[in-house]
Amino acid sequence: MTSPREDGLVLRAVGPDEDEGLRAVIAEAFPDNPKARAAITRWQYWDNPFGSTRAWVWDDGGRIVATYIGYPVPVVLGGVPGTAAIGVDAAVLPSHQGRGLFTPLSRALYADCGVHGMPLTICYPNANSTAGITKAGWLPVARLRTLVAPFDDAWLAERFSLPRPAARLVRAAAFATGSAHGLAAVEVAAPPPDVDALWGQVAPTVTYGVVRDQAWWRWRYSGHPDAP
């Protein structure tokens with residue numbers, strides 16, 4: 001699948017045989033991105049157990065100059081199990097920015113994901129990419145929130161630059177968690193074997209979302225190249 005432009009750039013799909021070119025763009029656009037490493041892209045993209053990762057690029061004379069990837073995850077959509085794509089690693093080299101590449105790149109990726117059984121692509125865009133993916137059909141659903149319930153005084157002390165005794169007092173006063181409810185945090189090297197039982201209790205409340213069962217946890221954490 002290719003789509004040439006008058007300036008010679010070609011929009012096309014790529015696979016694992018061009019992983020090095022993908023990683024080169026990611027490394028130049030985002031120097032600290034771990035996906036400059038082949039082990040990371042192999043784990044997340046090409047050896048993904050949930051389906052076929054789709055990757056689209058702009059090609060300039062045989063050199064990849066822009067990338068956008070959709071990797072599969074198990075989901076529930078309207079209460080129905082399925083597969084969705086997570087859109088990641090959208091990057092255009094500085095030498096090719098400002099040439100209207102990102103929106104058609106996004107449209108091509110989303111359409112290809114749909115053809116390959118992923119009718120929805122989930123994106124967590126930064127300010128630089130919001131305009132481009134909106135033109136390609138992206139709709140905001142909600143802001144991604146992070147909720148934290150600290151159980152570890154040492155972590156809390158380090159995170160907020162507090163003496164450990166002060167962190168213990170802060171946790172006891174500000175968070176109704178931990179020993180007051182008979183709970184304790186334990187660090188483990190891998191997801192415990194009863195995650196499926198926990199998911200089985202949570203799943204009926206999930207109408208839209210990623211299926212975080214044992215298979216997902218095993219891939220996402222145990223299978224990560226930098227595990228544990």
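Q: Which side chain does aspartate 153 meet in a salt bridge?
A: Aspartate 153 pairs with arginine 171 at 2.6 Å, N to O; a salt bridge here is a side-chain nitrogen of Lys or Arg within 4 Å of a carboxyl oxygen of Asp or Glu. Aspartate 153 sits in helix α5 and arginine 171 in helix α6, so the bridge ties together parts 18 residues apart in sequence. Helices (H or I, at least four residues) and strands (E, at least two) are DSSP runs, numbered from the N terminus.

Q: What kind of model is this?
A: This is a predicted model, where local features need pLDDT of at least 70, side-chain atom pairs count only at pLDDT 80 or more, and totals for chains, interfaces and linings use all residues. Residues are numbered from 1 along each chain as its sequence is written, and side-chain values use heavy atoms, with hydrogens and water left out.

Q: Back to the pair: is aspartate 153 buried or exposed?
A: Aspartate 153 is buried at 14% relative accessibility, and arginine 171 is buried at 13%. Buried means under 20% relative accessible area, exposed over 50%, partly exposed in between (1.4 Å probe, protein chains only).

Q: How many salt bridges does the structure hold?
A: There are 9. Among them, arginine 37 meets aspartate 226 at 3.0 Å, N to O. That pair links distant parts of the chain, 189 residues apart: arginine 37 is in the loop between α1 and α2 (38-46), aspartate 226 in the segment after α8 (214-222).

Q: And which residues are linked in a network of salt bridges?
A: Arg12, Glu18 and Asp59.
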